[in-house]
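Work through the exercises below with the structure open. Try each task before reading its solution.

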Amino acid sequence: MWYLIYAEDIPNSNEVRSKARPAHIARLKELIAEDRLLLAGPNPNIDSEEPGEAGFSGSAIIAKFNSLEEAKAWAEDDPYWHQGVYQKGTGIVKPFKITAKMNGASF
């Protein structure tokens, strides 16, 4: 099943986010290689795909896992959590049902 993983950044997370990003991206690439990643990306603090010093306010991932427990364990092991990019108490992991997407809908 698909799961939505979302967490909010600490204020002014740019520096710590930059340091943790390579390890975070490596884990996403593993999901891609296993054909388990639907999407992943950060939320810019401003209306721009490249917010520069304005930075990001959080991130969302939609990926396939065997269970909610597995999805939560994967999320909790993310380098962004370990390195303090995400604010404590903001992590959300819950089932996600795709009802429509580009290149095909399943209504």
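The exercises cover the sheet, the helices packed on it and the salt bridges of this predicted model.

**Exercise 1. In what order do the four strands form the open sheet, and which are the edge strands?**

Step 1. Read across the sheet. The order is β2-β3-β1-β4. The pairing is antiparallel.

Step 2. Find the strands that pair on one side only. These are β2 (37-44) and β4 (92-96), the edge strands.

Step 3. On average, neighbouring strands are turned by 15° against each other, direction ignored.

**Exercise 2. Over how many bridges do β1 and β3 pair?**

Step 1. Locate the strands. β1 spans residues 2-8 and β3 spans residues 56-64.

Step 2. Count the bridges. There are seven, in the antiparallel sense.

Step 3. Pick out one opposing pair. W2 faces K64 in β3.

**Exercise 3. Are D9 and R17 buried or exposed?**

Step 1. D9 and R17 form a salt bridge, with their closest N and O atoms 2.9 Å apart.

Step 2. Apply the cut-off. Buried means under 20% relative accessible area.

Step 3. Compare the values. D9 has a relative accessible area of 3%, so D9 is buried. R17 has 7%, so R17 is buried.

**Exercise 4. Where in the chain do D78 and R27 sit?**

Step 1. Confirm the pair. The side chains of D78 and R27 form a salt bridge at 3.5 Å, N to O.

Step 2. Place each residue. D78 is in the loop between α2 (68-76) and α3 (79-82). R27 is in helix α1 (residues 14-33).

**Exercise 5. Which residues are linked with E34 in a network of salt bridges?**

Step 1. Take the pair E34 and R36. Their closest N and O atoms are 2.5 Å apart, in a salt bridge.

Step 2. E34, R36 and E70 are linked.

Step 3. Check the accessibility of E34. Its relative accessible area is 45%, so E34 is partly exposed.

Step 4. The structure holds five salt bridges.

Key. Residues are numbered from 1 along each chain as its sequence is written. This is a predicted model: local features need pLDDT of at least 70, side-chain atom pairs count only at pLDDT 80 or more; totals for chains, interfaces and linings use all residues. Side-chain values use heavy atoms; hydrogens and water are left out. A salt bridge is a side-chain nitrogen of Lys or Arg within 4 Å of a carboxyl oxygen of Asp or Glu. Buried means under 20% relative accessible area, exposed over 50%, partly exposed in between (1.4 Å probe, protein chains only). Helices (H or I, at least four residues) and strands (E, at least two) are DSSP runs, numbered from the N terminus. Two strands pair if DSSP finds at least two bridges between them. Axes are lines fitted to C-alpha atoms, for helices over the stretch in contact, and angles run from 0 to 180 degrees between N-to-C directions.
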